[in-house]
Amino acid sequence: MVKVIHGGKGIGKTKFLLADVNENVQSSKGDIVFIDTRGTHMTDLRHEVRYVNISEFPLTDLNDLFGFMCGMIAEDYDISTIYMDGIERFETNGTTYTAFFEKIKSLEDKYNVNFIFGANKEMTSLPAHVICEYNQ
């Protein structure tokens, strides 16, 4: 599953993601990762969740982000779900969200990893395999 929770600033997307990841921990048979772009939500997560503050790494665009996620999966084949809040920070003119989500779909298919993203903007024109939820 590839899912994007999107909408304007301050409408509860991060709160939804945090609640979902903490609930998912109880039923997941694999490891769960939460990628944060600001380094502010470590204490909001259950201790079983692997927390990654991505602002500590020199990533600049969606291609870098994809490579980073590939590295995480290569390091831990037990990852079942990757959550990421703030994907809009990696938007560039060079790589579109469509191309990025096509590559993410290939990771989902090959490694059976679910991806759930939060975006602080309205996302449109995404591939059909991406589940989009507009959070209001």
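Contact here means heavy atoms within 4.5 Å. I am working from a predicted model, in which local features need pLDDT of at least 70, side-chain atom pairs count only at pLDDT 80 or more, and totals for chains, interfaces and linings use all residues. Residues are numbered from 1 along each chain as its sequence is written, and side-chain values use heavy atoms, with hydrogens and water left out.

**Helix α2**

I took helices (H or I, at least four residues) and strands (E, at least two) as DSSP runs, numbered from the N terminus. The expected span of a helix is 1.5 Å times one less than its number of residues. For α2, residues 62-75, I found 20 Å between the end C-alpha atoms, which agrees with the 20 Å that its 14 residues should span at 1.5 Å a residue.

I then looked up burial (buried is under 20% relative accessible area, exposed over 50%, partly exposed in between, with a 1.4 Å probe and protein chains only). In α2, Leu62, Leu65, Phe66, Phe68, Met69, Met72 and Ile73 are buried. Seen down the axis, these residues fall within an arc of 160°, so they line one face of α2. The arc is that of the directions from the helix axis to the C-beta atoms. The buried residues of α2 pack against β2 (31-36), β3 (50-53), β4 (79-85), α3 and β5 (114-119).

**Helix α3**

I turned to α3, residues 97-111, where Tyr97, Phe100, Phe101, Ile104, Leu107 and Glu108 are buried. They cover an arc of only 105° around the axis, which puts them on the same side of α3. On the face turned away from that buried side I found the exposed residues Asp109 and Lys110. Just after α3, Asn112 takes a positive phi of about 55°.
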